[in-house]
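The sequence and structure are shown first.

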Amino acid sequence: MDASSTFRLYAERRARVAASLGPGGIAIVPTALERPRNRDTDFLYRHDSYFYYLSGFAEPNACLVITGEGTVTLFCQPKDLEREIWDGLRLGPEAAPGVLGVDEAFSMGELDQRLPRLLENRSVVWYPFATHAGLEGRVDGWLQKVRARVRFGALCPERQQDLCGVLDEMRLIKDAHELDIMRRASKISARGHIRAMQRSAAMLRAGQDVREYHLDAELLHEFRQHGSQYPAYGSIVAAGANACILHYRADAAPIRDGELVLIDAGCELDGYASDITRTFPANGRFTGPQRAVYELVLASQDAAVAATRAGMRFTDPHEATVRVLSQGLLDLGLLNADQVGTVDDVIANRSYFAFYMHRTGHWLGMDVHDCGSYVEPAEVGKVSERKDPLSGELIKDRPSRVLRPGMVLTIEPGLYIRPAEGVPEAFWNIGIRIEDDAVVTNDGCELITRDVPVAPDAIEALMRG
């Protein structure tokens, strides 16, 4: 997308927000703060997703203000030649209107002075709740200054509204620009997975010591080599029994011949995440039990993919996955039918939960666990209650979100088999998850992460290369 098209894209998003604020509404959208890592060193900076979605501006220490009439004011860091020597060039308030398309811009140093006047005579102030520590207190401080002027005829906003709901609904449906970036991010991430798979088999064939961090290094190399700014989240590289730890992080554990490796990793590109999980034999050859469990997880993913299309509910892929996994657990002897009953009993009693304890997907976008309600907005008031068969907790169910074209979600079933009484030893310490990113379409879904194979024969062929 050229600069003028990008310029219009962010302007259109801000206009949509303005139209949602109502008469007398005003919205405040800050970006993320820089965070100290240790002593005088900061963590690598990453902008706030809401702010970037509306501005395309990646500098720290900035804030957008949007009125219901559509006027947009940016507060940003002033030009400072001395600081720019150390930290890099700044856009500055003078150049911001021409570059970003805002109506006016001021230094962040003027924020506390100007915000009360911008809030004056407004009826409602919108900002993202519970996303920026201290923001609520700052809004209260600005409103106090407005109230101090009521004797001069100033009106103070009487209501505060959460802007997250407005922005979440906008971000839930991806436009063509967003989908293009996400497809490119997925291709980069797929290359990283392929590189890690091949490196694992090659090092073991050469008799070398292989560690989880070796494969993590391959991922990071491929991400940066193709322009990704950073990983979308901390990469999981889990060898052997570590794959049964859902949020394990790449560490120094050895990768042994005959074991499986689970890698859950994706890059972030231009503000958008990708998210891929592949499980593969470290040496490039599945054992019999490994392949049996792998093929079951893959079959459950196929069922979930078939249930992912416009008009279906967000929960439908999960329910399809659970049914296939539950039957497979019975077939493999991981669940004893004499003890747990039929597949319907397994599902009703959640007997599968010992082996599959997470949902089958989540929204994906600027954040790896992206924003957006999982409840259908028009049906929020329809509530049913049930008692969880495992915890006894009373659960309130509301109708799940209806899938619509342009939504992006992950499809990531798995099985995690820890040593336990009644579990056949041949399956102990097998942890398998297969995850792809899906764009919902009218007649199905587009899997944008399949540049890295999922079929076991294709994985083995890849790792022989």
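Predicted model: local features only at pLDDT ≥ 70, side-chain atom pairs only at ≥ 80, totals over all residues.

The buried residues are C164, V166, L167, D168, M170, R171 and L172. Both D168 and R171 therefore fall under the 20% relative accessible area that defines burial.

The buried residues of α7 pack against several elements: the helices α1 (3-21) and α2 (49-55), and the strands β7 (124-127), β8 (159-162) and β17.

## V408 in strand β17

Strand β17, one of the packing partners of α7, contains V408. Is V408 buried or exposed? Its relative accessibility is 1%, and because burial means under 20%, V408 counts as buried.

Leaving aside residues up to four places away in sequence, V408 touches L172, K174, L179, M182, H362, W363, L364, A438 and V439. One of these, L172, is also among the buried residues of α7. The C-alpha atom of V408 is separated by 7.7 Å from that of I173, although the two residues are 235 residues apart along the chain.

## Packing of α5 with α6

Two packed helices are described by the angle between their axes and the distance between the axes. For helix α5 (residues 111-119) and α6, the axes come within 8 Å and cross at roughly 65 degrees. The crossing of α5 past α6 is right-handed.

On the α5 side, the contact is formed by L111, D112, L115, P116 and L119. On the α6 side, R138, W142, L143, K145 and V146 take part. By class, this contact has seven nonpolar and three charged residues, with no polar residues. An α-helix has 3.6 residues a turn, so residues three or four places apart point the same way.

## Packing of α8 with α9

Helix α8 (residues 176-205) and helix α9 (residues 212-225) pack with their axes 8 Å apart and at an angle of about 145 degrees. This crossing, too, is right-handed.

Which residues of α8 meet α9? They are I188, S189, R191, G192, H193, R195, A196, R199, S200 and M203. Their partners in α9 are H214, L215, E218, L219, H221, E222 and F223. The contact divides by class into six nonpolar, six polar and five charged residues.

The largest pocket holds about 690 Å³ of space. Of the 24 residues that line the largest pocket, T315, H318, R359, R386 and D397 are the closest to its centre. Helix α11, α13 (343-349) and β16 (394-397) each supply at least two residues of this lining, and α11 gives the most, with five. The lining comprises eleven nonpolar, four polar and nine charged residues.

The structure also holds one cavity of 30 Å³ or more, and about 50 Å³ of space lies in the largest cavity. Its lining consists of F314, P317, H318, R359, T360, G361, L409 and T410. By class, three of the lining residues are nonpolar, four are polar and one is charged.

## The second largest pocket

About 540 Å³ of space lies in the second largest pocket. It is lined by 28 residues, of which T31, A32, L33, R35 and H132 are the closest to its centre. Strand β1 (25-30), α2 and α6 (135-147) each supply at least two lining residues. The largest share, three residues, comes from α6. The lining has 15 nonpolar, six polar and seven charged residues.

N121 is not a glycine, yet has a positive phi of about 70 degrees. This residue is found in the loop between α5 and β7, where N121 is partly exposed with a relative accessible area of 46%.

A130 is another residue other than glycine with a positive phi, near 55 degrees. Its place is in the loop between β7 and α6. At a relative accessible area of 88%, A130 counts as exposed, because the cut-off for exposure is over 50%.

Note on methods: Residues numbered from 1 in each chain as written. Heavy atoms only, no water. 1 Å grid on protein atoms, 1.4 Å probe; cavity = no way out; pocket = protein on both sides within 12 Å on 5 of 7 lines; lining within 4 Å. Points joined across faces, edges and corners; volume = space filled by probe spheres on them. Nonpolar A, V, L, I, M, F, W, Y, C, P; charged D, E, K, R; others polar. Buried < 20%, exposed > 50% of the residue type's maximum accessible area, 1.4 Å probe, protein only. Helix = DSSP H or I, 4+ residues; strand = E, 2+ residues; numbered from the N terminus. Contact = heavy atoms within 4.5 Å. Axes fitted to C-alpha atoms, helices over the stretch in contact; angles between N-to-C directions. Left-handed = near helix turned anticlockwise from the far one by under 90°.
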